[in-house]
Amino acid sequence: MSDIRAALRAQAIETPSWAYGNSGTRFKVFAQRGVPRDPYEKLADAAQVHAFTGVAPTVALHIPWDRVDDYADLARHASEVGVRIGAINSNVFQDDDYRLGSVTNPDPAVRRKALDHLLACVDVMDATGSDTLKLWFSDGTNYPGQDDIRSRQDRLAEALSAVYERLGEGQRFLLEYKLFEPAFYVTDVPDWGTAYAHCLRLGDKAQVVVDTGHHAPGTNIEFIVAFLLREGKLGGFDFNSRFYADDDLMVGAADPFQLFRIMYEVIRGGALSGRHGGPEQGVAFMLDQCHNIEPKIPGQIRSVMNIQEATAKALRVDGDALAAAQAEGDVLAANAVLMDAYNTDVRPLLAELREEMGLDPDPMAAYARSGYFEKIAAERVGGAQAGWGA
Ligand code: RM4
Ligand code: MN
């Protein structure tokens with residue numbers, strides 16, 4: 001049990017700056033009171049999630065949504081409020097030039113512009129001390145014949161190689177895949193196999209990131225996790241929940257059992273300790289979610305707690321009993337070992353752990369009582385609220 005507590009205490013979950021701004025769907029963005037007006041305020045909000053959970057010490061930035069004049073100053077502000085800068089997310093999907101793609105665009109001038117942005121993101125890493133660049137490309141085509149599938153792969157490989165060469169000591173990039181959307185016919189990085197093949201060719205500083213919402217319904221994500229970990233190519237997660245497509249809902253809301261199965265494979269692969277800096281940063285456990293209708297900070301706290309619960313349950317799997325049942329070919333006993341762990345109520349354990357860490361056992365209630373929301377709602381009046389695409 002003390003091993004389980006130590007592992008849970010050491011867990012590190014990264015929250016995304018964009019989750020604190022206004023967001024919505026393509027139909028409507030709902031504004032909320034108290035929403036940050038700039039990246040500094042986003043970091044202050046993220047620091048609340050860490051303050052109440054104790055396990056969310058880093059915050060991912062999205063460039064240009066989080067563009068500032070002085071990134072070193074932003075990093076200083078982060079440490080003043082009690083967090084650090086995590087992954088830098090590039091954005092080559094919101095400019096008119098990218099209608100036909102970014103790094104895979106048939107026009108070399110557009111490709112150059114996209115690559116320059118990715119390289120500038122590495123500059124931001126240098127300035128903030130971030131060790132991870134996250135690359136997601138909306139690139140693809142909508143119609144058969146629109147562009148040459150193979151040439152687009154060549155262009156992608158060329159850009160990835162240029163970014164790879166630019167990475168400094170202790171820096172890496174994570175390549176994210178997504179089944180479809182916004183492209184509806186071909187997506188240039190549609191699945192883990194494509195991402196894996198590009199990363200494999202480049203070397204150790206290129207790894208795959210699994211966004212749990214970016215798969216076809218029914219995909220066995222824990223298999224992908226097990227496979228990539230075994231190959232040393234799982235760089236991190238973008239955790240969120242999906243019911244239908246890329247829903248970006250709170251982690252563990254749609255399918256807590258799937259989250260448990262994923263965390264079991266993470267533990268089985270010895271990868272729970274997470275990012276620790278240096279050349280072997282480990283797996284980054286990041287959230288990538290948009291709170292369309294729920295309040296932002298509690299939405300993040302809830303997700304962090306859901307990951308903790310799934311992790312605690314996965315840590316409770318009796319490895320010896322499981323190995324014995326598997327060796328005997330005892331299907332039902334093996335399955336029962338997993339189900340016993342999943343069906344354990346780990347909330348009392350987590351509450352105790354929080355008390356040991358000097359935290360309130362109930363982070364949701366403690367945040368609600370803290371008055372932070374009332375404070376930001378009163379203070380953050382005027383100015384332009386940050387939002388998806390701001
Ligand atoms: C993409 C992808 C990226 C995220 C953006 C906002 O679908 O999931 O990780 O940065 O959305
Ligand atoms: Mn993502």
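Biologist: Where does Glu181 lie?
Modeller: Glu181 is found in the loop between β8 and β9. Please note that this is a predicted model.

Biologist: What is phi of Glu181 near?
Modeller: Phi of Glu181 is near 80°. That is a positive value, and the residue is one other than glycine.

Biologist: Which kind of peptide bond joins Glu181 and Pro182, cis or trans?
Modeller: Glu181 and Pro182 are joined by a cis peptide bond, and its omega is about 10°. Pro182 is placed in the loop that runs between β8 (172-176) and β9 (186-187).

Biologist: And the bond from Ile63 to Pro64, is that cis or trans?
Modeller: The bond from Ile63 to Pro64 is cis, and omega there is near 20°. Pro64 belongs to the loop between β4 (58-62) and α3 (71-81).

Biologist: Which residues around ligand 1 come nearest?
Modeller: There are 13 residues around ligand 1, and those that come nearest are Glu176, Asp211, His214, Asp238 and Asp288.

Biologist: How is that shell divided by class?
Modeller: The shell around ligand 1 holds seven charged residues, three polar residues and three nonpolar residues.

Biologist: How many Å separate Glu176 from an oxygen atom of ligand 1?
Modeller: For Glu176, a polar side-chain atom lies 2.7 Å from an oxygen atom of ligand 1. In the side chain of Asp211, an N or O atom is 3.1 Å from an oxygen atom of the ligand. His214 has a polar side-chain atom 3.3 Å from an oxygen atom of ligand 1.

Biologist: What share of the area that ligand 1 exposes alone does the protein bury?
Modeller: Ligand 1 taken alone exposes 290 Å², and the protein buries 94% of that.

Biologist: Now the whole protein. How many helices and strands are there?
Modeller: The protein has 14 helices and twelve strands.

Biologist: Why is the protein described as being as compact as a globular protein of that length?
Modeller: Its radius of gyration is 21 Å, close to the 21 Å that the globule rule gives for 390 residues, so the protein is as compact as a globular protein of that length.

Biologist: What does the C-alpha trace span along its principal axes?
Modeller: Along those axes, the C-alpha trace of the protein spans about 60 × 60 × 40 Å.

Terms used:
Residues are numbered from 1 along each chain as its sequence is written. Chains are lettered from A and ligands numbered from 1 in the order in which they are written. This is a predicted model: local features need pLDDT of at least 70, side-chain atom pairs count only at pLDDT 80 or more; totals for chains, interfaces and linings use all residues. Side-chain values use heavy atoms; hydrogens and water are left out. A residue is near a molecule or strand if one of its heavy atoms lies within 4 Å of it. A polar contact is a pair of N or O atoms within 3.5 Å; within protein, one must be able to donate a hydrogen and the other to accept it, and residues adjacent in sequence count only if both atoms are side-chain atoms. Accessible areas come from the Shrake-Rupley method with a 1.4 Å probe; for residues, only the protein chains shown count as cover. Ala, Val, Leu, Ile, Met, Phe, Trp, Tyr, Cys and Pro count as nonpolar, Asp, Glu, Lys and Arg as charged, and the others, Gly among them, as polar. Helices (H or I, at least four residues) and strands (E, at least two) are DSSP runs, numbered from the N terminus. The radius of gyration is taken over C-alpha atoms; the globule rule is 2.2 Å times the number of residues to the power 0.38.
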